[in-house]
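This briefing goes through one protein chain, topic by topic. Please look over the sequence and the model before reading on.

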Amino acid sequence: MLDRSTVDRLRTVPAAEGFVLTAYLGHGPDLDELRTIPTRLKALVGEARGALYGDDRALRRDLDELQAMGSELGGDLGRGTALVVSGELGLREHVVLPAPVRDRLVIDATPYLGPMEAILDQFHQYAAAVVDRRGANLYRFHLGELQAWEELAADEPIRKDNYGGFAGYAERRVRAHADAVARRLFQTVAERIADLARTGAFDLLVVGGTPQNTTALVGELPPDVAALLAGTFTLDPNTATPSDVRDRCREVAAAHDATLDAELVEQILGLTAAGGRGAAGIDDVLQAANLGAVDRLLVDATGTQPGVACSACGAVAWSGERCGLCGSATRAAADLVDAIAERVRATGGGVRYVLADTPLADHVVAAALRYPIT
């Protein structure tokens, strides 16, 4: 599974004299879609073979190795797959991704890490609370994976309340007592969640259980913690497995991110249309990035286009052997958009890769600016 240590390790790999192959394939949990991975990878490799000039035997061997990996994948493949191969450097990596990516194969001197960096940058740390009237389980949820955190129990057992008594009075007393015990539990769980939130232990919250119990717990959260709620899900805590909880958390997180993506795209494209501090399209955003004017960059995570970047100042361009700003030599950039993102980070801006289907796809990139550019 993707984590920061994997990306950092791949980033320190020395540049190859030959080539490093990095393939990305996106997929969902559907088995029919997973079965298409070998075929889709074969198509990417076939396109690369057709673009080769000369007879680079080492590269052809690496392409064969990459294609062979497609039939060896198994287990939990998450929502995307990254494969990195270089015979020269001894690389043969398979990284499970928690988010979908566009199918692509990049051949460069170093591993192509842009999509992995993007996922790490924008995935939140979640707390997941699964609650019933007798207890609650708290989990950590990050990068699509679930980890047990804490268990909390009611301060006394709750008796069954579905028996009768004289005129039903005993049943009503038992039910009222059970409701009081359950409410104290919800208050205790809410207080514990608030304590964790205020120490920065998580970014967002997910709550699961029956609709009645999730509503009751959410109702006990302080306003500042309730504002962190990304969503709720329904399941039976008595029969649900950790895998069930993980899958529901994945669904809630994906829906939350899709909503956030749509809101951000609408906001920044609105700024651009109004002639304010916004820019859309590669040419305008590239200019703003080179001027250090980008405060926040949105990237549609579907395209790859080659470009160049200055080895000295980091300025980015479509092409050219010399930088248009400082005159230094440029280097090839496997993905111009990722090079723009690196430039934005270097000048203090933030970057978000938009995975949802939004109007940003028509522009590829859009940016909120610190000041208007002409």
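Four strands form an open sheet in the order E3-E2-E1-E4, with antiparallel pairing; two strands count as paired if DSSP finds at least two bridges between them. The model is predicted, so local features need pLDDT of at least 70 and side-chain atom pairs count only at pLDDT 80 or more, while totals for chains, interfaces and linings use all residues. Residues are numbered from 1 along each chain as its sequence is written, and side-chain values use heavy atoms, leaving out hydrogens and water.

- Strand E1 (residues 20-26) pairs with E4 in the antiparallel sense over five bridges, and Tyr 24 stands opposite Arg 104 in E4.
- Helix H3 (residues 37-51) lies across E1, strand E2 (80-86) and E4, at about 140 degrees to E1; angles run from 0 to 180 degrees between N-to-C directions, and axes are lines fitted to C-alpha atoms, for helices over the stretch in contact.

**A helix pair**
- Helix H1 (residues 4-11) packs with helix H5 (residues 114-122) at an angle of about 145 degrees, their axes 10 Å apart.
- Arg 4, Val 7, Leu 10 and Arg 11 of H1 make the contact with Met 116, Glu 117, Leu 120 and Asp 121 of H5; contact means heavy atoms within 4.5 Å.

**Nonpolar cores**
- The largest nonpolar core has 25 residues, and Val 294, Leu 297 and Ile 340 have the most contacts inside it.
- Such a core is a set of buried Ala, Val, Leu, Ile, Met, Phe, Trp, Tyr and Cys residues joined through side-chain atoms within 4.5 Å; buried means under 20% relative accessible area, exposed over 50%, partly exposed in between (1.4 Å probe, protein chains only).
- Helix H11 (336-346) is among the elements that give two or more residues to this core, and six residues, the largest share, come from H11.
- A second, separate core of 24 residues includes Ala 154, Leu 185, Leu 205 and Leu 221.

**The whole chain**
- The secondary structure comes to eleven helices and 16 strands; these are DSSP runs numbered from the N terminus, helices (H or I) of at least four residues and strands (E) of at least two.
- Of the 374 residues in the protein chain, 45% are buried.
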